[in-house]
Amino acid sequence: MSDCVFCKIIAGEIPSRKVYEDDRILAFYDLEPQAPVHVLIVPKEHIGCADELDEENSAVVGYIFSKIPEIAASLKLTGGYRVVNNCREDGGQSVFHLHFHLLGGKKLGLDMA
């Protein structure tokens with residue numbers, strides 16, 4: 001998608017601090033971190049949000065979750081971490097490309113509001 005910031009990052013048109021990359025996903029540091037470690041994990045295929053997942057494209061979510069422990073270990077998140085997905089405006093989504101926030105590096109509070 002030509003106007004999608006994450007698609008531009010995936011294509012290398014916008015620089016990012018990469019944490020992990022393979023042929024299906026990219027993980028990179030968030031520019032506005034909400035925790036000492038805040039990484040975004042995105043599928044390389046453009047999917048707008050969780051509402052756009054279906055039988056044909058949903059396998060990428062399982063793949064992302066299979067890679068999260070490896071990514072978390074590489075970031076030394078040994079005490080634990082949080083994975084968050086926001087969907088649409090009311091859910092707090094600001095970039096409309098499916099992505100997961102990997103947060104850690106400190107004890108995180110319980111309040112999610």
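How exposed is R88, in terms of its relative accessible area? R88 is partly exposed, with a relative accessible area of 40%, where buried means under 20%, exposed over 50% and partly exposed in between, using a 1.4 Å probe and protein chains only.

The structure is a predicted model, in which local features need pLDDT of at least 70 and side-chain atom pairs count only at pLDDT 80 or more, while totals for chains, interfaces and linings use all residues. Residues are numbered from 1 along each chain as its sequence is written, and side-chain values use heavy atoms, with hydrogens and water left out.

**Salt bridges**

Side chains of opposite charge can pair when their charged atoms come close. A salt bridge is here a side-chain nitrogen of Lys or Arg within 4 Å of a carboxyl oxygen of Asp or Glu, and a search of the whole structure finds four of them. The table lists pairs from this group, including their N to O distances.

| Pair | N to O distance |
|---|---|
| K44 and E21 | 2.8 Å |
| D51 and R88 | 2.8 Å |
| K67 and E70 | 3.4 Å |

The salt bridge between K44 and E21 links distant parts of the chain, with K44 in the loop between β3 and α2 and E21 in strand β1 (residues 18-21), 23 residues apart. Helices (H or I, at least four residues) and strands (E, at least two) are DSSP runs, numbered from the N terminus. K44 has a relative accessible area of 25% and is partly exposed, and E21, at 35%, also counts as partly exposed. D51 and R88 meet in a salt bridge as well; because D51 lies in the loop between β3 and α2 and R88 in the loop between β4 (81-84) and β5 (100-104), the pair ties together parts that are 37 residues apart in sequence.

**Acidic residues**

D30 lies in the loop between β2 (25-29) and β3, and this aspartate is buried yet has no salt bridge, the nearest side chain of opposite charge being R17, 9.8 Å away. A polar atom of the D30 side chain does, however, lie 2.6 Å from the backbone nitrogen of E32.

A negative surface patch is formed by E45, D54, E55 and E56. Such patches are made of residues with over 30% relative accessible area and no salt bridge, with like charges joined within 9 Å and nonpolar side chains (Val, Leu, Ile, Met, Phe, Trp, Tyr) within 5 Å. One of the members, D54, lies in the loop between β3 (37-43) and α2 (59-74) and counts as partly exposed at 39% relative accessibility.

**Positive phi values**

Most residues other than glycine have a negative phi. K76, although not a glycine, has a positive phi of about 60°; this lysine lies in the loop between α2 and β4 and counts as exposed at 66% relative accessibility. R88, the partner of D51 in a salt bridge, has a phi near 65°, again a positive value in a residue other than glycine.

Key: Accessible areas come from the Shrake-Rupley method with a 1.4 Å probe; for residues, only the protein chains shown count as cover. Lys and Arg count as positive and Asp and Glu as negative; His and the chain ends are not counted. The place of a charge is taken as NZ of Lys, CZ of Arg, CG of Asp or CD of Glu. A polar contact is a pair of N or O atoms within 3.5 Å; within protein, one must be able to donate a hydrogen and the other to accept it, and residues adjacent in sequence count only if both atoms are side-chain atoms.
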